[in-house]
Amino acid sequence: MDKFYYLDNAATTQVFDEVYDLMRNNNIDSFYNPSASYKLGNKSKKILDEARDNINQVLHGDCGKLIFTSSATESNNAVFRGVHLRAGQVVLISAGEHPAVYNSAHELAKRGIIVKDIPLLKNGKIDIEKLKDMLTDEVALVSVIHISNETGAINDIKEICKIVKQKNKDIIFHSDGVQALGRIKINLRDLGVDLYTISAHKIYAPRGIAGLWIKNGLVLDPMLYGGGQENGLRSSTENVAGSLAFAYAAKKLNDELDSNYKKITNLKKELIKKINESEISDYIEFNSDEECLPYIVSLSIPKIKGQVLVNAMEDDGVVVSTGSACSSKKAGNRVLEAMGKTLDETIGSIRISFSPYINYELDYIVSVIIKNILRFKKMQKLKD
Amino acid sequence: MKNVILIRFGEIFLKGKNRGFFEKVLYINIKEALKRFDLSVKKIPGRYLICDYEREFEEEIIERLKKIAGIFSFSPAIFMKTNYEEIVSQSVEFMLDKKGTFKVETNRADKKTISLNSMQISADIGGKILEKNSNLKVDVKNPELILNIDIRENCETFIYLNSIRGMGGMPVGTSSTGLLLLSGGIDSPVAGYMMAKRGVKVCAVHFHSYPYTSISAREKVEELAKILSEYTGDLIIYMVSMTELQEQIHENCDDSYMITLLRRGMFTVAEKLCKKFKRRMIITGESLGQVASQTIESMTVVSEVVKSTPIIRPLVAFDKCETIEIAKKINTFETSIKPFEDCCTVFLPDSPVVRPKLEDVLKEQKKIDFDEIIARSMSNIEVVEIKSK
């Protein structure tokens with residue numbers, strides 16, 4: 001069989017086989033509506049709440065409650081629509097946010113709310129000194145991505161949240177933790193956040209189920225009105241099988257976190273070493289440094305279009321992405337630009353994202369990268 | 001009494017002895033285009049009749065009929081057995097909710113069943129309509145509405161308002177077959193539409209430069225073909241890679257000949273496809289002088305590779321705005337102007353040769369193994385079948 005290596009696990013992951021079985025069995029044995037008043041409905045409700053508790057345990061989120069949503073995009077939208085804000089107040093978000101935060105936050109401008117981007121450092125983390133300057137009395141909500149989906153840059157959410165709360169404990173703090181769940185340890189009590197977004201399909205569970213963790217005492221406006229499910233915040237018949245799958249995957253990844261992290265750290269090191277020792281090393285700039293989450297490696301090959309490279313590598317059985325899948329249809333890359341990268345560097349960027357559950361043949365993968373970069377460099381040089 | 005749609009033929013009338021063939025093809029095309037509706041298509045002298053459909057689908061059926069080549073015009077009508085009282089009452093009812101100026105026109109093939117002549121019928125029914133609807137005024141010279149009463153042989157009568165113009169032209173499949181060079185721009189779908197209107201059964205070839213061009217460029221072409229297929233019927237696209245040819249030209253030839261040599265490659269492939277799949281003509285959206293590759297000199301040196309297949313350029317004398325007008329009419333414009341990642345720019349020469357000479361072009365072409373590269377392109381063709389909506 002032809003070689004095939006999927007290296008776009010930051011975009012989505014392949015559902016675990018046993019997760020399929022869990023969902024299938026649940027859909028047969030306990031498909032009943034959790035809101036139904038008979039015993040079988042109640043049994044469904046118990047499964048749902050147990051899943052909720054299990055995920056909350058992984059998050060160390062006993063000081064809050066997890067609301068199930070259909071996607072991280074929905075969770076992030078719920079933050080910017082649900083938090084009570086007035087015209088004239090200020091919302092700060094990092095310039096490195098995923099479009100689901102970035103675009104839904106900037107929508108607030110239509111309501112007279114001032115939305116400002118916290119600049120990024122060259123390493124992709126937010127500029128904490130700049131943030132301090134931006135923390136005026138009008139700031140009501142701050143949202144900082146936990147781990148960048150573009151570069152894997154990890155923000156010190158605990159420290160950032162502390163700074164924000166020191167300025168004013170009433171400022172609501174949200175973090176998009178989609179890339180963090182299952183990759184690093186999360187302790188929401190310790191982080192001090194008020195709101196935290198997670199998603200199932202990034203951790204080998206299906207699409208269609210995600211979550212918004214809400215600290216006790218914080219009141220949000222409902223996302224959807226209807227039958228009053230999910231504490232009245234998100235009416236809809238609950239996705240019991242999805243929640244079960246989500247909880248299983250969250251626990252499994254949490255249990256295997258350390259060994260996976262080690263494995264992927266070695267992979268990343270090896271990949272970078274092999275590239276740096278190859279004839280293409282001069283053409284490549286890494287956008288993810290050694291402090292970044294090892295699962296994500298962003299690199300730029302200036303003057304070669306990332307999309308062309310992605311197309312050609314796919315034909316060789318190596319699937320990577322240009323920037324993040326959600327933004328890859330636009331020219332350039334907002335996050336890399338915010339890190340100070342040139343247009344050539346952003347257009348020429350690709351993102352490699354590993355899975356600990358796939359065995360990668362690094363020699364082959366690197367050979368494909370080298371072969372194609374040399375091919376396009378040759379064309380480019382002829383043009384120059 | 002029932003609701004029907006009366007269909008009038010276009011140029012089929014001109015076809016003398018072949019008329020039966022043209023009518024038969026049109027009949028098949030109408031049946032095929034309307035196959036998702038539950039209805040029947042009947043032939044009456046000089047007309048087709050759509051009957052037995054659900055009224056709620058009438059608008060959809062009308063929209064579909066507008067896209068069938070060979071239909072001159074059509075009218076939703078009331079069909080009944082000829083009976084004067086019934087004709088009067090139906091006419092009055094038909095006009096009850098209308099307003100503005102009108103006249104009644106009567107046409108009698110059957111002059112026996114009703115004792116009044118055409119003029120008398122029109123006057124009588126016009127008067128009765130006016131009695132019931134004060135929002136209408138008679139204007140015999142320049143009316144907004146014309147109520148037609150068509151009393152035909154076999155005791156059949158049709159009542160209908162104004163006619164709706166059809167696509168015209170000749171039924172697809174009556175003028176042989178053609179291979180359209182479909183690029184994804186504005187012009188080529190229009191060229192395909194125009195030849196379908198002349199009765200040509202069209203299929204398409206799309207040249208791509210994957211990985212330099214993106215998947216979205218290809219999706220756009222498939223989307224255009226889907227729209228075009230409403231006029232042409234089911235459509236096949238041959239997807240052919242020009243990547244190797246472009247890379248070889250870029251590497252070995254004078255860059256200003258990139259487009260000329262590339263197009264010679266495309267036309268060579270096109271003729272080979274025509275021979276292989278029995279297509280009788282190559283159709284392009286070229287318009288004289290529009291870009292460097294569409295000067296008469298460029299067209300000449302490019303056409304030189306095509307030995308025995310006519311190249312039809314229906315837009316050759318069109319202004320861009322005329323082409324755009326048709327593209328908007330046939331609904332391809334919005335798709336054609338969609339931006340997609342055109343990764344091909346790496347090969348775009350800074351100054352393409354505008355008036356190439358054949359001897360220079362041949363000299364450049366000899367620098368690469370042209371025939372071998374074309375053969376490899378031909379050996380790796382992907383076939384995409386587009387089903388008409």
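A residue is called buried if 20 or more other C-beta atoms lie within 10 Å of its own, exposed if 12 or fewer do, and partly exposed in between, with C-beta atoms placed from the backbone. The legends below describe a predicted model, in which local features need pLDDT of at least 70, side-chain atom pairs count only at pLDDT 80 or more, and totals for chains, interfaces and linings use all residues. Residues are numbered from 1 along each chain as its sequence is written, while chains are lettered from A and ligands numbered from 1 in the order in which they are written.

View 1. Pro206(A) counts as buried because 20 C-beta neighbours lie inside 10 Å. Residues are in contact if their C-beta atoms, placed from the backbone, lie within 7 Å. Setting aside residues up to four places away in sequence, Pro206(A) touches Val15(A), Ala200(A), His201(A), Gly242(A) and Ala245(A). The C-alpha atoms of Pro206(A) and Ala241(A) are 9.9 Å apart, although 35 residues separate the two in sequence.

**View 2. The largest nonpolar core.** A nonpolar core is a set of buried Ala, Val, Leu, Ile, Met, Phe, Trp, Tyr and Cys residues joined through C-beta atoms within 7 Å. The largest one has 114 residues, and Ala245(A), Phe246(A) and Ala249(A) have the most contacts inside it. Helix H8 (residues 240-255) of chain A supplies the largest share of this core, ten residues. At least three residues of the core come from each of domain 1 (5-13 + 257-383) and domain 2 (17-254) of chain A. Phe246(A) is in contact with Ala51(A), Ile55(A), Ala200(A), Ala205(A) and Ile209(A), leaving aside its neighbours within four places in sequence. Another core, of 93 residues, lies apart from the largest one and includes Leu6(B), Phe22(B), Ala69(B) and Phe267(B). In soluble globular proteins, nonpolar side chains tend to be buried together.

**View 3. Strand S2 and helix H3 of chain A.** Five of the six residues of strand S2 (residues 64-69) of chain A are buried. S2(A) runs antiparallel to S8(A), to which six bridges join it; strands pair if DSSP finds at least two bridges between them. Within this pairing, Phe68(A) stands opposite Gly211(A) of S8(A). Helix H3 (residues 72-82) of chain A contains Ala78(A), which is buried, with 25 other C-beta atoms within 10 Å. Not counting residues up to four places away in sequence, Ala78(A) touches Thr69(A), Leu212(A), Leu220(A) and Met223(A).

**View 4. The boundary between the two domains of chain A.** Chain A is divided into domain 1 (5-13 + 257-383) and domain 2 (17-254), with bounds that come from an automatic or database domain assignment. The C-alpha centres of these domains lie 28 Å apart. At the boundary, 24 residues of domain 1 of chain A are in contact with 27 residues of domain 2 of chain A. On the domain 1 side, strand S10 (296-300) and helix H11 (334-338) of chain A are the elements that give two or more residues. H11(A) provides the largest share of that side, three residues.

**View 5. Helix H6 of chain B and its cover.** Helix H6 (residues 215-232) of chain B has 18 residues and should span 26 Å at 1.5 Å a residue, which agrees with the 25 Å between its end C-alpha atoms; the expected span is 1.5 Å times one less than the number of residues. Its buried residues include Ala217(B), Val221(B), Leu224(B) and Leu228(B). Among the elements that cover the buried residues of H6(B) are helix H5 (187-197), strand S11 (201-208) and strand S12 (235-241) of chain B.

**View 6. An open sheet in chain B.** Six strands are arranged in the order S14-S13-S10-S11-S12-S15 (chain B), with mixed pairing. Strand S14 (311-312) and S15 of chain B are the edge strands, each pairing on one side only. Strand S13 (residues 281-283) of chain B pairs with S14(B) in the parallel sense over two bridges. Ile311(B) in S14(B) is the bridge partner of Ile282(B).

Terms used:
Contact = placed C-beta atoms within 7 Å. Helix = DSSP H or I, 4+ residues; strand = E, 2+ residues; numbered from the N terminus.
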